[in-house]
Amino acid sequence: MSPKERRGVMNALKLRRLRRILKKINARADEMSALTDAELSAKTAEFKERLQSGKTLDHILVEAFAAMREADKRILGLFPYDVQVLGGLALHFGYIIEMKTGEGKTLTATLPLYLNALEEKGAILVTTNDYLAKRDAMEMSPVFSFMDLKVGVGVYEEDEEVDAKRKREIYASDITYTTSTALGFDYLADNLAGDKKGKFLRPFHYVIVDEADAVLLDSAQTPLIISGVPRVQSNLYDVCNQFVLTLHEEEEYHFNREDKAVYLTVKGGHYAENYFNIPNLYDSSYFELNRHINLALRAHHLYKKDVDYVVVDNEVKLLDNRTGRILEGTRLQSGIHQAIETKEGVKKTKDSRSVASVTYQSLFNMFPKLSGMTGTGKIAEDELISTYRVSVIVIPTHKPVIRQDFPDQIYVTLPEKLAATLTYVKKLHAKGQPVLLISGTVDIAEIYSRMLLQEGIVHSVLTAKNVAKEALIIKEAGQKGTVTIATSLAGRGTDIKLGEGVAELGGLAVIGTERMPNSRIDWQLRGRAGRQGDPGLSQFFVSLEDELVQQYGGKRATCYFEENNHHQRSDYGQPLRQRRHQRILKQAQAKSEDRSVLARQSTIKFDESLRVQRQKIYALRDELIYDEKNLSQKVDHIVDEVISQYLASNSGLTERSLRRYILDNFSYQFQEASLPVSIDNQVAVKRYLKSLYYSEMSRKAERLQTEEKKSEFLRLSILHAIDACWLEQVDNLQQLKNFVSLRQAAQRSTMTEYYQESLRSYDRMCQAVKETVLRNVMLSTIESDGNTGYSIYFV
Ligand SMILES: Nc1ncnc2c1ncn2[C@@H]1O[C@H](COP(=O)(O)OP(=O)(O)OP(=O)(O)O)[C@@H](O)[C@H]1O
């Protein structure tokens, strides 16, 4: 049995189990429809009671689905089809469901959301953009309120100030519609809170991720980052920029375009040692220099002006290379932005460091129950299983898909492809068939737009600039005679209904102007036609000059292109018909997909130690925030440990060094003429240092007056210490990651090295936290405002 056949059998088996439950749900339909409105909505309270008395979700599953299905019919006028109930069941059981576009995923999700919200721990639906989150929440909330459940929306207007109290209300809702980005940033913000008042999230419970493959895989490369305090600006940018200008490719540095990797060769390493007059570039004392050389190399070779960024008004601004738009306010992290600024000779901005960051993998893996919906999940199942431990079920369509997917038309050059696409569009347009032309980038979309204008064909262009407006336009893309040009992101998640008489013309025609970096996106694009059993067609036009082929097509494709890239060919303008060209295309796409999988795996591996450390730190913070007992004892213990450690590691203690230690850690005003202990008597020194601590604590206790305030003071002292040291550590790990990737050149086992070093730095951080706690309690000042309030100033 081939892997594909095996998957088919597995899928059928999974569906069989769900179908048995579906049968039971169907059997309850009449009983539910006989209920009055009041009786139906009272079901919610009844289910909750049953859960409280020890029943599980699976006990009430059949009845709850049947009740919610009836509510959907009464309130929304939509009775979920059998396939939607199957989809809903799979979502409840923690699968990612593959449901074709237009099959009604929004309605499907109401069933498992309802069931899982009954446990009163919250159910979250995550979509890809604000517009969809708001739209789905608005459209579905009538049925949830009818069933006595509250709906919250986790996305806000751009200028809206949302405080923790309001967020707490939103996340306390039974069902929250939000986006992956909003949820990620909220998670980080919640864990930066200094007290209970600032916390707003409940522990994660159940989530459904819409467009699961896009969120869980494609976006998973870019972590969400909250940036903060600027790092001290380095002057190494300029010297390293000068240095890399003197290097020769393949001599002193190696550049792999496919892997997007650039690094010094062994010879380059020696050259750097000579250039900077240092003994060993890879020694840890030259960490910063090495890092800056790496940054400069990357700035020069991996980031292209006008492709990856533009320089406007003496500022480097990043471009979104999928849409070609400027990403306002977005900056590259960890010094690469500054390295590009140096390369372009513009003024360097401050290099801010990341205060907190999380990847989608870590975020969604925190949910005890994760499920998702997508039009194209099966292709990526292996990766979804290995990364998220969720498997995929393909849900059959309500009506058979009758869309025709034609084989690609492949041309040698871009102009041939453009001309052929235009001819095809004109042919379809002449008979009134609506056309949706989808391009990979804004540039190409604009070229097509100009060509259509020259032909006098009226059309709309959508480039994902204004999601809400574009949703309205794309809704109309199925009307007779309509031509719409869109980038692959524009208008997704919007249903395209066919206009009158369009079905007879063959339905909507989706035309792809290039193959996308992965076949899942191709299928999503095709899926915009032929929804719910509508007729439709899809056709891709491709050239050997396309980015995908150029980058991943290999030598044979490049040679063939170079030999045939001229007008004199007898078959100029004709599509290439040999099978080998289809094969080249397929292999190029497969290679591009493999690269992305590898890149994601590497991100996950790097993220692993950060994830483990972050969870420990966040748990520690929560313990401090919610559980304040025995803080005094805890701090006593920490102080004792720090002092012992200090004495143990300073056997040759002098009076001068002890004085310095006291000034740095115990009191700025320490002025006693002679120390009242013998420096050789460690026990006495320790006793003396502790006495300094105790007397300072009693001074502070007097100021703070109540036990409650004293406890608050200690809590803040620890929290500040953790936050300050953790901030360093996040930044450290980021730097370490860059540093270690650089060492890949030296063929060491980079991951092992990274894990070992990150563990060591974590231990160092824990020690630093304790030392900072001591300094915080000793050196902080408390100012009372004359009434009952006071402010604490930490060092
Ligand atoms: N059970 C149903 N009965 C009648 N109409 C339905 C039913 N379910 C969904 N629909 C309609 O089908 C259309 C498509 O729904 P929806 O946009 O949710 O599909 P989708 O699967 O989410 O699409 P996309 O993949 O674009 O997100 C909507 O107009 C919806 O009202």
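**Figure 1. Leu132 and its contacts in the predicted model.** In this predicted model, L132 touches T127 and G493, leaving out residues up to four places away in sequence, where two residues are in contact if their C-beta atoms, placed from the backbone, lie within 7 Å. The residue belongs to helix α8, which covers residues 130-146; helices (H or I, at least four residues) and strands (E, at least two) are DSSP runs, numbered from the N terminus. L132 counts as buried because it has 24 C-beta neighbours inside 10 Å, the terms being buried for 20 or more other C-beta atoms within 10 Å of a residue's own, exposed for 12 or fewer, and partly exposed in between, with C-beta atoms placed from the backbone. L132 and T494 stand 362 residues apart in sequence, yet their C-alpha atoms are 8.7 Å apart in space. Residues are numbered from 1 along each chain as its sequence is written. Because the model is predicted, local features need pLDDT of at least 70 and side-chain atom pairs count only at pLDDT 80 or more, while totals for chains, interfaces and linings use all residues.

Figure 2. N129 is placed in the loop between β2 (123-127) and α8, and it is buried, since 20 other C-beta atoms lie within 10 Å. When its neighbours within four places in sequence are left aside, N129 is in contact with T179 and V467. The C-alpha atoms of N129 and T179 are separated by 5.8 Å, although the two residues are 50 residues apart along the chain.

Figure 3. The shell around the ligand holds 16 residues, of which T101, G104, K105, T106 and D495 come nearest; a residue is near a molecule or strand if its C-beta atom, placed from the backbone, lies within 6 Å of it. Helix α7 supplies the largest share of this shell, three residues. Divided by class, the shell has six nonpolar, seven polar and three charged residues, where Ala, Val, Leu, Ile, Met, Phe, Trp, Tyr, Cys and Pro count as nonpolar, Asp, Glu, Lys and Arg as charged, and the others, Gly among them, as polar.

**Figure 4. The crossing of helices α6 and α7.** The axes of helix α6 (residues 82-92) and helix α7 (residues 105-117) come within 8 Å and cross at roughly 40°; axes are lines fitted to C-alpha atoms, for helices over the stretch in contact, and angles run from 0 to 180 degrees between N-to-C directions. The two helices, α6 and α7, are therefore oblique to each other, given that angles under 35 degrees count as roughly parallel, over 145 as roughly antiparallel, 65 to 115 as roughly perpendicular and the rest as oblique. Their crossing is right-handed, a crossing being left-handed if the near helix is turned anticlockwise from the far one by less than a right angle, and right-handed if clockwise. On the side of α6 the contact is made by Q84, V85, G87, G88, L91 and H92, and on the side of α7 by L107, T108, A109, L111, P112, L115 and N116. By class, this contact of α6 with α7 comprises seven nonpolar, six polar and no charged residues.

**Figure 5. The crossing of helices α12 and α15.** Helix α12 (residues 236-245) and helix α15 (residues 336-344) have axes that come within 9 Å and cross at roughly 60°, which makes α12 oblique to α15. The crossing in which α12 passes α15 is right-handed. Here Y237, D238 and N241 in α12 meet Q338, A339, T342 and K343 in α15, and the residues of this contact divide into two nonpolar, three polar and two charged.

**Figure 6. I410 in strand β15.** I410 is found in strand β15, residues 409-411, and is buried, with 24 other C-beta atoms within 10 Å. Not counting residues up to four places away in sequence, I410 touches V542, P575, L576, H581 and L585.

**Figure 7. Two loop residues with positive phi.** N277, a residue other than glycine, has a positive phi near 55°; it lies in the loop between α13 (266-276) and α14 (287-301) and counts as exposed, with 6 C-beta neighbours inside 10 Å. Q532, which is not a glycine, has a positive phi of about 45°. The loop that holds Q532 runs between α22 (519-526) and β20 (536-543), and Q532 is partly exposed, with 17 other C-beta atoms within 10 Å.
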